[in-house]
Amino acid sequence: MSELHTAPVPRRNLELVLLLLALSVGAAAFFLVGSSSDSDDTKDFFVQTGVLAGLALLLHIMLRIFAKYADPVILPITVALNALGLAMIHRIDLAKTTSQSMRQLLWTAIAVIIAAIVLWAIRDHRVLRRFTYIALLASIILLLLPMIPGFGVTINGARIWVRLGAFSMQPGELAKITLSIFFAGYLSSNRDLILMAGRKIGPLQLPRRRDMAPMVVAWILSIGVLVVQRDLGSSILFFGLFIVMIYVATARISWVLIGLLMVAAGGVFAATTMSHVTRRVDVWLNAFDPEIYQARGGSMQIVEGLFGMADGGLFGTGLGEGSPYRVPLANSDMIIASFGEELGLIGLTAIILLYMLLISRGLRAALGSRDTFGKLLAAGLSFTLGLQCIVIIGGVTRLIPLTGLATPFMAAGGSSLLANWIIISLLLMISHNSRRPMTGGVGPTDEIATPGATTPKAVKNV
Amino acid sequence: MNQAIKRVWIALTMMFVICLAGLSYIQFFSSEKLAENSLNKRQLFREFDLPRGAILVDGKPIAESVPTDDGQFTYQRRYNDPQQYAHLTGYYSLANGSTHLESELNDWLTGSSSDLVFDRLTAMFTGQTAEGASVELTIDGELQKQAYEMIPDDLEATIVVTDPKTGDILAMASKPSYDPNDLAVHSTSAAAENMKELTSVSGLSPYVNPAIDTPIWPGSTFKILNVVAALESGEYDRTTELQNPNSLDVGSGPPLTNFSAGICDRRPTATLDFIFTQSCNTPFGAMLLDLGEKPFSDVAERFGFGQQLEIPLSVRPSTFPENRTKDQFARAVIGQDDTKATPLEMNMVAMAIANDGVIMQPNLVKKVVAPDLRVIEEPKPKAFSTATTPEIANEVADMMAGPVASGTAMNARVPGVDLRAKTGTAQTGREDANGTALFNSWMTGFAPGDDPQVAITIAIHDVPYNTGHNTAGSLMKKMTEAVFNK
């Protein structure tokens, strides 16, 4: 167990400066979108800029009060990404005369406020460790919710939605948080047992069956998501989370290999036997076949996205000047292509660098964390963010089959926004705890610095 | 554990870098390839949001972009007198691409031609939308209208009228025709449905302009070339007496015969003038077999057979076959076998005779006008081919008075107009539902004889002999009357 030490300096003023920078990027984007449309209505610009600035400052003040040692870069990057997403959704709205951007702004407000509440209510991420098994139960419930008849809805072939009145949500988005909490809690408590106990076959240390049971449940869950809910993207995400957290906990590459083998086996099985996966792979490989292009649910979406990005080229058409609305789902699944077209390769690269920086800061919080649970949780959450980006960018660029994952903070969709903002709140919390000055008798040699350290369970774990 | 976290970071970073490489490939290295992909309609979409130049006849638009509020695009292409001009304009559509002049003149009409670079730059800096240039055609609106309307609705027929001195195409009309507006609708499903309905019409394809894309047997109109070859050889003149048997043995195949409907069988020997006027087959077969293949295929080539031609629509080359057996050659020279000619090609034959042996390049574009009314292109008349000498051309021109005066083209005679013409009737081997044999009926000629103003060609597909002969004659007559206001 080790952690990287940084001098305990609250960097809130730096954060404020960066935040103003992020907000000015957002305001510039809103302005460009508004000015390229025919209407002279400036109301949208002020509402968007104002609401976003208010929300950002709310979180900033919350951090000053409750987590003043938190990483100063995470919040500004998130605000910038969220603002860019809003601008692009508004831009597509103007072209298609829809009104998604107001919904997205509303969801941003809800998500930021809930993130603030999470920050205020939990304060110390180690509290979450108490809810390890409750988190597993919550994950199962969240994932099963859409299967309840009359409650769950099937959209675009995936049954991952629930509807409450006019409100629809993807509970699976929240499951990536609860699953991360479960994995982190379970692995931080049981990693020694998993590592030491059990038979050894060759170089492989096999864990005892009962130690692995909860992990297997989680694994089956992610398979279930694929088979029953037909949601390839989330399934990949859960698989990835599962493998990475085991790897971080055990540091054994053999487990990653086993995990990847399971993924490969599952992937081949799915690709050959499940019609919706087979179709996706076919669409991916033969995207430029005119028949597949024209087929219902064919490659039209991805190919149009490619054409759009090619149109944008190196410098892009300029925000509001291209025609990203020609691509289906230009404001959600294909929002990366929309940015590629209007901001060009250069602008899109900047966005991707923002994501890379954000994820690096998340993993940096994991490195600095003083407890195993925090390390695992921060690593798992950061990885979730990263994998989402990679799966969706890889899909849009036709490096891998396209799946319906949301681009974090940018794609239109409330559930994803909410879940990702909660992740940010947790990462901020963990980074605060890893950077704040040591208090009391907790020293670097204390293996377990969790609130549960004195409970019998925790003692047993030592 | 930290080691593992660092490795996770490295793995994620590597995957991000791969994504960036993928993006660079799409947006930089292969962006042009993607832009040119046949599925990529983005250029088209851009065009549909810009005012496209008009195609004009006599200064009035026959194809124009009009503002629309269908919510999809800013402009809708509209065709005026659509059926008359369908085979010329073609259509400009989202669902079915574009054809004919809409396709051929695209660079002008969209303004992407290099001659309009300055206009595009100005538009960019002034913030105006770049407009395409308009193209004025050589077509005479009144002649085109009459040509289209005089063709009986139940026939597949084409009329071509040109000015032999300049090559200007004055009328080029065909039936059956269609309404390009049906195919230019923005709704792709409606366009597809209309396209399906349209292609079910026999003898109609929106991709084919029968005047330039469909070579058929020219029959005896081809004998104009026979006469040119005979006169060029120096072995024959107009008064040379030739054997005129009813049947000529030509080796392996069935014998060549004179057509039963004519009066050829009245004379066992006849002059070149007579056999041309009455269109007798056997003396022409015998004469050309004597002259040989080479001199004749030279003549055919000079008259445009096998030649590439853009007017600026690309004209499908007419053909005269090579390396034929004796009987095949004997039939090929009277416009059967594998001799196939487009109506425009046969009209070019008449143009050559009318213009002292020189075929002027047939042309549809009078001028291209930029949005600021500046003329940016005005094609000058130019020679396409020297088909024969002026002397021979004039002699053939005189001979072509024969059929109108006392031969097969008498039914086209117009009092007061010195029309020169040659008929053609080609066997198709096809029959109608009643078992009546079907022919291609032709007439090609020019008027007036002493100072030709127009060359006119009538071509009718697959008609019974009498209908074809009568219709070709009456169309030629009406067209001549239309030109000379008789």
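Predicted model: local features only at pLDDT ≥ 70, side-chain atom pairs only at ≥ 80, totals over all residues.
Residues are numbered from 1 along each chain as its sequence is written, while chains are lettered from A and ligands numbered from 1 in the order in which they are written.

A handy reminder: most residues other than glycine have a negative phi, and most peptide bonds are trans.

**Exercise 1.** Find what kind of peptide bond joins Lys175(B) and Pro176(B), and where Pro176(B) is found.

Solution. Helices (H or I, at least four residues) and strands (E, at least two) are DSSP runs, numbered from the N terminus.

**Exercise 2.** Do likewise for Ala447(B) and Pro448(B).

Solution. Omega is about -15 degrees, and the bond is cis. Pro448(B) lies in the loop between β18 (437-447) and β19 (454-463).

**Exercise 3.** Is Asp356(B) buried, partly exposed or exposed?

Solution. First, the backbone: phi of Asp356(B) is near 55 degrees, a positive value in a non-glycine residue. Asp356(B) lies in the loop between α17 (343-354) and β13 (358-360). Now count: Asp356(B) has 19 C-beta neighbours inside 10 Å, so it is partly exposed. The cut-offs are 20 or more other C-beta atoms within 10 Å for buried, 12 or fewer for exposed, and in between for partly exposed, with C-beta atoms placed from the backbone.
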